Amino acid sequence: MSVDVGGITVHQGLLEPSQQEALVEQVRRVAQAAPLFRPETARGRKMSVRMTSAGRYGWISDRAGYRYERRHPEGLEWPPIPAIAMDVWRNVSGVARDPESCLINFYDADAKMGMHQDRDEANFEMPVVSISLGDEALFRVGGPGRGGKTQSIWLRSGDVAVMGGAARLNYHGIDRLRPGSSRLLPNGGRINLTLRVVD
Ligand code: MD3
Ligand code: FE
């Protein structure tokens, strides 16, 4: 089933539990090759979310600002994008190009992500596809300007959200998790994979 919130399409339960488990295993392999890190903002604040990436480009943030980079902060190239994530992109993105970046965000029980736009990519005609795993998260989406009206939806494990068209530059963020709402990750928390065309 899919629902529309603020121009974003959420395919609820697109990944069945066995696929979610297989994708978690693929994410673990990425994190072994490219360890999670807690990015620092340009203002020197640590983000509450831990991150890594896969694909040609990874997204990083440090005192110099945020941007896409070909290498992990420790110097190695990013590992390949997990196969199950590539399959999801090909099934729901609606575009012929493959993604060049898979940002992997890990949220513990207290992590959140403030309202922001995704605008570090070159081509806003290309959608962003997001896959949720683990504990439920309260996702909020607004319009193209900061501080407008917003709508919220709980994203559950196995949900896939597609942000294209007019919604591509909408403000969005994660207000909070619902700890203990999923048994997918043995220690709880939430993983979000965000697939993007960068160039
Ligand atoms: C709406 N991540 O990494 S994914 C991010 O759950 C990010 O980790 C959140 O926002 C997370 O940048 C939300 C859903 C999402 C991703 C991109 C969007 C929603 C979006 C781009 C435009 C509008
Ligand atoms: Fe975002």
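View 1. An oxygen atom of ligand 1 lies 2.9 Å from an N or O atom in the side chain of Arg 190, a polar contact in the sense of a pair of N or O atoms within 3.5 Å. The corresponding distance is 3.0 Å for the side chain of Arg 196 and 3.2 Å for that of His 116. Taken alone, ligand 1 exposes 500 Å², of which the protein buries 98% (Shrake-Rupley areas, 1.4 Å probe). The model is predicted: local features need pLDDT of at least 70 and side-chain atom pairs pLDDT 80 or more, whereas totals for chains, interfaces and linings use all residues. Residues are numbered from 1 along each chain as its sequence is written, chains are lettered from A and ligands numbered from 1 in written order, and side-chain values use heavy atoms, without hydrogens and water.

**View 2. The shell around ligand 1.** Ligand 1 is surrounded by 20 residues (a heavy atom within 4 Å), the closest being Asn 105, Tyr 107, His 172, Arg 190 and Arg 196. By class, the shell holds nine nonpolar, seven polar and four charged residues (Ala, Val, Leu, Ile, Met, Phe, Trp, Tyr, Cys and Pro count as nonpolar, Asp, Glu, Lys and Arg as charged, the others, Gly among them, as polar). At least two residues each come from strands S6 (101-107), S7 (113-116), S8 (128-134), S12 (172-178) and S13 (190-196) (strands are DSSP runs of E, at least two residues, numbered from the N terminus). S13 gives the most, with four residues.

View 3. Strands S1 (residues 2-5) and S2 (residues 8-11) run antiparallel and are joined by four bridges (pairing requires at least two DSSP bridges). Val 5 stands opposite Ile 8 of S2. Two residues separate the strands of this hairpin, in which Gly 6 adopts a positive phi near 55°.

**View 4. The hairpin of S4 and S5.** Five bridges pair strand S4 (residues 58-62) with strand S5 (residues 65-69) in the antiparallel sense. Ile 60 has Arg 67 in S5 as its bridge partner. The hairpin connects S4 to S5 through two residues.

Technical notes: A polar contact is a pair of N or O atoms within 3.5 Å; within protein, one must be able to donate a hydrogen and the other to accept it, and residues adjacent in sequence count only if both atoms are side-chain atoms.
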